[in-house]
Amino acid sequence: MDIFDRIRQSTGGPIGQYRNKVEGYYSFPKLEGELGPHMKFNGSDVLCWSLNNYLGLANDPEIRKADSEGAERWGLAYPMGARMMTGHTKLHERLEKELAEFEHKEAAFLFNFGYQGIVSAIDSLVTRHDVIVYDAEIHACLIDGKRLHMGKSFSYKHNDIVSCEQKLKLATKLAEEQDGGVLLITEGVYGMTGALGILDQIAALKKKYKFRILIDDAHGFGVMGPNGRGTSEHFGVMDDIDIYIGAYAKSMAIIGGFIATDKDVIDYLKYNMRSQLYAKSLPMAIVEGCLKRLEIIRSAKGDELRKKLWTVTRRLQDGFRNMGFDIGPAQACVTPVHIKGGVEQATLMARDLRENYKIFCSIVIYPVIPAGMVIFRIIPTAAHSIEDVDYTLNAFKEIREKLQNGEYDNKPIPDLVIK
């Protein structure tokens with residue numbers, strides 16, 4: 001069969017099957033206006049809870065000034081080429097040095113995109129003789145990196161240390177037989193549930209087994225821990241985490257990421273990570289912007305922004321729990337509101353929130369989260385106010401009453417009107 005014919009005859013996949021009813025509104029929505037808590041969607045002003053702008057830096061005046069001056073000074077092409085060829089500069093080196101020091105590691109290397117960087121890092125770190133052990137709910141980028149692994153891998157039940165140790169035992173035995181090593185992959189913060197990875201419990205297993213720990217701390221970097229160094233700082237296990245990966249897209253509100261570990265490992269990775277070796281270097285304006293963001297994260301201003309973020313987060317999460325909503329084990333900023341019902345009900349609820357309450361939050365279904373789950377994913381930021389929180393909690397209280405009264409039951413999803 002012709003490839004295009006097969007694609008045209010398909011349902012579109014787990015998410016794509018809904019595309020004719022959701023695109024432009026529920027999927028691929030267009031938020032407009034200045035980035036922040038209050039934006040425009042489909043012709044209306046909305047209170048937005050869907051931006052990973054944790055510290056509110058996206059529109060911070062200092063950041064906007066640094067970004068514009070960087071673009072004015074360098075443009076967006078410089079440096080032109082991959083890092084190994086013509087894309088290497090002193091500023092790239094400076095950012096890597098500062099990130100490594102911040103994370104208490106010997107060295108770091110920049111990613112032009114966090115997703116691709118993680119895929120390549122895993123691919124480069126392990127051979128077919130090595131064994132991977134991973135949490136069953138790790139992010140798609142980690143899964144894709146694992147898929148490139150030619151050797152054996154074992155998944156353990158999400159945040160279950162007993163299951164984790166069982167798989168480590170199997171992996172250790174197999175690795176010894178193959179003269180390989182063991183890489184354990186987990187997350188610092190799980191981006192859909194707000195649950196923290198059990199880093200302290202995993203690190204304690206190093207007393208019994210020989211393995212290396214890699215964490216993807218995209219949602220923890222800049223936010224978790226007393227100084228914003230991440231979830232490993234929060235748990236007091238920075239020295240036990242062998243490979244730390246952070247993303248700029250969350251707390252820094254810009255593109256890119258980095259990996260930090262031992263210097264000899266970084267020296268190896270920067271010559272072997274295919275997605276970085278054969279891709280254009282991170283533009284200078286972005287590197288300068290990241291340096292400014294890191295400066296703020298490390299400063300008293302960063303402390304204040306984290307304090308504000310956690311004040312907003314706790315008020316929101318306590319409010320949901322006090323009203324009887326299920327937000328699961330959320331401990332980080334990500335706040336999932338679990339919906340007891342199907343995709344159709346949740347879709348109607350999302351429409352009600354957006355059209356009648358002017359609240360924009362994302363609806364998440366399988367395969368982004370396990371099958372059978374439907375959540376509204378709410379992302380508090382330092383830019384939100386307590387008034388924003390209270391208004392949202394009151395709206396969700398009314399939405400829940402409508403759900404309990406059956407107002408969303410057995411109703412077709414109406415045709416979309418995209419303005």
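Me: Leaving aside its neighbours within four places in sequence, which residues is phenylalanine 211 in contact with?

Reply: This is a predicted model. In it, phenylalanine 211 touches Leu168, Val182, Leu184, Ile202, Leu205, Lys206 and Asp242, once neighbours within four places in sequence are set aside.

Me: Which residues touch the most other members of the largest nonpolar core?

Reply: Phe211 is one of them.

Me: What does the second core include?

Reply: Phe41, Ile327, Val337 and Ile399 are among its members. It has 39 residues and is separate.

Me: Are H14 and H16 roughly parallel or roughly antiparallel?

Reply: Angles under 35 degrees count as roughly parallel. H14 and H16 pack at about 15°, so they are roughly parallel to each other.

Me: Is the crossing of H14 and H16 right-handed or left-handed?

Reply: Right-handed.

Me: Which residues in H14 and H16 meet?

Reply: From H14 come Thr311, Val312, Arg315, Leu316, Gly319 and Phe320. Facing them from H16 are Ile386, Val389, Asp390, Leu393 and Phe396.

Me: Next, single residues. Is serine 163 buried or exposed?

Reply: Compare its relative accessible area with the cut-off. Buried means under 20%. Serine 163 has 6%, so it is buried. It sits in helix H8, residues 161-178.

Me: What does the side chain of serine 163 reach?

Reply: The backbone nitrogen of lysine 157, at 3.0 Å. Beyond neighbours within four places in sequence, serine 163 is in contact with Tyr156 and Lys157.

Me: Where does leucine 148 lie?

Reply: In a loop. Helix H7 (140-147) is on one side and strand S6 (153-156) on the other.

Me: Which residues is leucine 148 in contact with, leaving aside its neighbours within four places in sequence?

Reply: Val119 and Asp123. Aspartate 123 is 25 residues away from leucine 148 along the chain, yet their C-alpha atoms are separated by 6.0 Å.

Technical notes: Residues numbered from 1 in each chain as written. Predicted model: local features only at pLDDT ≥ 70, side-chain atom pairs only at ≥ 80, totals over all residues. Heavy atoms only, no water. Core = buried A, V, L, I, M, F, W, Y, C linked by side-chain atoms within 4.5 Å. Buried < 20%, exposed > 50% of the residue type's maximum accessible area, 1.4 Å probe, protein only. Contact = heavy atoms within 4.5 Å. Helix = DSSP H or I, 4+ residues; strand = E, 2+ residues; numbered from the N terminus. Polar contact = N/O pair within 3.5 Å; in protein donor to acceptor, adjacent residues only side chain to side chain. Axes fitted to C-alpha atoms, helices over the stretch in contact; angles between N-to-C directions. Parallel < 35°, antiparallel > 145°, perpendicular 65-115°, else oblique. Left-handed = near helix turned anticlockwise from the far one by under 90°.
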